[in-house]
Amino acid sequence: MSTLRTTCQALASKLTTTLSSSSSSKSLLKNSLRFFPAKSLAKARCLSSLSSSASTTTATTTAMGDSAAPDAGMDAVQRRLMFEDECILVDVNDRVVGHDTKYNCHLMEKIESENLLHRAFSVFLFNSKYELLLQQRSATKVTFPLVWTNTCCSHPLYRESELIDENSLGVRNAAQRKLLDELGIPAEDVPVDQFTPLGRMLYKAPSDGKWGEHELDYLLFIVRDVNVHPNPDEVADIKYVNKDQLKELLRKADAGEEGLKLSPWFRLVVDNFLYKWWDHVEKGTIQDAADMKTIHKLT
């Protein structure tokens, strides 16, 4: 009986979550219960599960709806991530001071009024020919859609495995997770111990009138030949470039050719660090370039 109860509870939760608490979802579940004996205790428990699950779903939707209503046109995947992901809030010295939703962390109003600063990372992945993998962000991204940027840019989340400060392990764990999410790169292709943290930078950049970034960004380099299967919800296009090809990309962006745009954090890294660090990648001396004690405040 306990197994049946668990199954009913799981079914009720699944249906009400998937189909919301609409009358059609309730009807579907209740119709499936007609096969239970009329006075079955299991049936009663199933109906109870339906009621509690629907209440929970409605409460969650209501709680999220107040703040989310103005953004009803937001892509469903990006909307879910905006409210489910909890970013790590830090001070200017990279000390953890709390956490907040990805949504709040990227509202310029919140950034300006509450000085919200969150931890982030930027991965620069090179293949064995020392070409850098770039991605074009998808059109549905809330901040900086369709801009070209480094391999992967995201946030460690407020969870135990991504809060580990020692040797930047939490950030490296997050980088491995997001390379799979965004580019379909298997974890075994990018072992956590193969990421080299080279530095940290603090910057602020508005995306449009509403959204923007205010990040303390960990810059991670890795040299690996990987299998790439981009997630279209995250990535519109990818390309490997050598140094000269990147310089041509920069020229086009500066000239406004082909509507090409670069992310502000990528441009900051290019202008301040990338080429000298790239030289170290080619020489096999990347560790010599690492400086994790300094936080570079860039604009």
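Biologist: Which lysine lies over the face of tryptophan 148?

Modeller: A charge sits over a ring if NZ of Lys or CZ of Arg is within 6 Å of the ring centre and within 35 degrees of the ring normal. This is a predicted model, in which local features need pLDDT of at least 70, side-chain atom pairs count only at pLDDT 80 or more, and totals for chains, interfaces and linings use all residues. Residues are numbered from 1 along each chain as its sequence is written, and side-chain values use heavy atoms, with hydrogens and water left out. At 4.7 Å from the ring centre of tryptophan 148 lies lysine 239.

Biologist: How far from the ring centre of tyrosine 275 is lysine 247?

Modeller: Tyrosine 275 belongs to a cluster linked by ring pairs, which also includes Trp277 and Trp278. Lysine 247 lies over the face of tyrosine 275, and its distance from the ring centre is 5.4 Å.

Biologist: How many aromatic pairs are there?

Modeller: Rings of Phe, Tyr and Trp (its six-membered ring) pair if their centres lie within 6.5 Å; planes under 30 degrees apart count as stacked, over 60 as edge-to-face and the rest as tilted. By this rule, the number of aromatic pairs is ten.

Biologist: Why is the pair of tyrosine 103 and tryptophan 211 given its class, and what is that class?

Modeller: Tyrosine 103 is in helix 5 (residues 102-105) and tryptophan 211 in the loop between strand 7 (196-206) and strand 8, 108 residues apart; helices (H or I, at least four residues) and strands (E, at least two) are DSSP runs, numbered from the N terminus. Both tyrosine 103 and tryptophan 211 are buried, where buried means under 20% relative accessible area, exposed over 50%, and partly exposed in between (1.4 Å probe, protein chains only). Their ring centres are 5.3 Å apart and their planes stand at 85°, so the pair is edge-to-face.

Biologist: Which residue forms a salt bridge with arginine 119?

Modeller: A salt bridge is a side-chain nitrogen of Lys or Arg within 4 Å of a carboxyl oxygen of Asp or Glu, and the structure holds 18 of them. In this case the closest N and O atoms are 3.0 Å apart, and the pair joins strand 3 (residues 118-126) to the loop between strand 1 (86-90) and strand 2 (96-101). The partner of arginine 119 is aspartate 94.

Biologist: Is glutamate 162 buried or exposed?

Modeller: The side chains of glutamate 162 and arginine 159 meet in a salt bridge, at 3.7 Å from N to O. Arginine 159 has a relative accessible area of 38%, so this residue is partly exposed. Because its relative accessibility is 2%, glutamate 162 counts as buried.

Biologist: What is the volume of the largest cavity?

Modeller: On a 1 Å grid over the protein atoms alone, a cavity is a set of points where a 1.4 Å probe fits but cannot get out, and a pocket is an open set with protein on both sides within 12 Å along at least five of seven lines; lining residues have an atom within 4 Å of a point. Grid points are joined across faces, edges and corners, and a volume is the space filled by probe spheres set on the points. There are two cavities of 30 Å³ or more, and the largest has a volume of about 180 Å³.

Biologist: How many charged residues line the largest cavity?

Modeller: The lining has 19 residues, of which Lys102, Arg137, Lys141, Thr143 and His155 lie nearest the centre. Ala, Val, Leu, Ile, Met, Phe, Trp, Tyr, Cys and Pro count as nonpolar, Asp, Glu, Lys and Arg as charged, and the others, Gly among them, as polar. Besides five nonpolar and five polar residues, the number of charged residues is nine.

Biologist: Which strand gives the most to the lining of the second largest pocket?

Modeller: This pocket has a volume of about 170 Å³, and its lining includes Tyr130, Asp193 and His280. The elements that give two or more residues are helix 9 (264-283) and strand 8 (212-223). With three residues, the element that gives the most is strand 8.
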